[in-house]
Amino acid sequence: MQGKIIKNISNTYSVLVEDKIYECKPRGKFRNLNITPLVGDEVIIDEVNKYILDILPRKNELNRPYISNVDYALILTSLKTPDLSLLLLDKQITFLILHKIKPIIVFSKLDLADEELLNTVNELSNYYERIGIKVFNNNELERIKEFLKGKEVVITGQTGAGKSTLINKLGDLNIKTDEISYALGRGKHTTRHVEIYNIDDINIADTPGFSALDIVGYSKEEIRDAYPEFNDSNCKFKDCMHNKERECNVKDKVEKKLILKSRYDNYIRIISEV
Ligand code: ZN
């Protein structure tokens, strides 16, 4: 029968089949093939002998945390304490698009922002929505829940952005996510424990160590192509990187304010770090 891995503790995988959980071990062939089943995997199990027989093709996967088949990542983005960082936001968006995961921005700590900052955030929201990225704020819980129904979701964000608060508001869980990732950041834990919780028909993965995202293993061209607003540009050079080239349509659009300057500047920074 077919099910979904929702938890892994020391090579024992909890596989959810309808409403029942089977604790399974992977078959030896996976080790020989150097394949590790991941939380999120759709698998075929032998429910009698409690073995994972096969892993269905993944639509995406992450290595840190180890998880697959993620539909959406909520990028929890604080406006104050910690201050709004558009570089971090754009890095996270780029990382997720490169991994074939749809980003959703959730602004938090609006109550700490002054009117000027709120206006800026309003403009930013319109821009990101225009390039196809859904934007919410963390007070819109019902809208967020409605949007995520039936989906597998991870939540990322800086420590202090309110990740555990949001998870606990979405469902009545007692997860201390920020504390866990803080401990991971200091290298004290090496746990890879990832678990998917079903809350009101949303599959939320609790993913420690998901706050620092490094874009490694991708070319500058792939990063460029992960910027949706660059895709219909009409530059003189066919393979334009929109950097030092002449007659660059993207740079024109930045000047005409059709492309957000911070998005463009962050793109240049991201490709310069590759
Ligand atoms: Zn260009």
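Analyst: Please note that this is a predicted model.

User: What is the geometry of the site of the zinc ion?

Analyst: The zinc ion is coordinated by Cys 235 (SG), Cys 240 (SG), His 242 (ND1) and Cys 248 (SG), at 2.2 to 2.4 Å. Four donors count as tetrahedral if all angles lie between 85 and 135 degrees. The angles among the 4 donor atoms here are 100 to 116 degrees, and the site is tetrahedral.

User: How are the donor residues of the zinc ion spaced in sequence?

Analyst: Among the residues that coordinate the zinc ion are Cys 235 and His 242, and both of these are buried. Along the sequence, the spacing of the donor residues is C-x4-C-x1-H-x5-C.

User: How many residues apart in sequence are the parts that Lys 29 and Asp 54 tie together?

Analyst: Lys 29 forms a salt bridge with Asp 54, and their closest N and O atoms are 3.3 Å apart. Because Lys 29 lies in helix α1 (residues 28-32) and Asp 54 in strand β5 (residues 51-55), the pair ties together parts separated in sequence by 25 residues.

User: Is Lys 145, which meets Asp 200 in a salt bridge, buried or exposed?

Analyst: The side chains of Lys 145 and Asp 200 meet at 3.1 Å, N to O. Buried means under 20% relative accessible area. Lys 145 has a relative accessible area of 14%, so Lys 145 is buried.

User: How many salt bridges does the structure hold?

Analyst: One of them joins Lys 59 and Asp 71 (2.5 Å, N to O). Lys 4, Glu 42 and Glu 152 are linked in a network of salt bridges. The number of salt bridges in the structure is 17.

Note on methods. Residues numbered from 1 in each chain as written. Predicted model: local features only at pLDDT ≥ 70, side-chain atom pairs only at ≥ 80, totals over all residues. Heavy atoms only, no water. Donors = N, O, S within 2.8 Å, 3.2 Å for Na, K, Ca; no water. Tetrahedral: all angles 85-135°; square planar, octahedral: opposite > 155°, others 65-115°. Buried < 20%, exposed > 50% of the residue type's maximum accessible area, 1.4 Å probe, protein only. Salt bridge = Lys/Arg side-chain N within 4 Å of Asp/Glu carboxyl O. Helix = DSSP H or I, 4+ residues; strand = E, 2+ residues; numbered from the N terminus.
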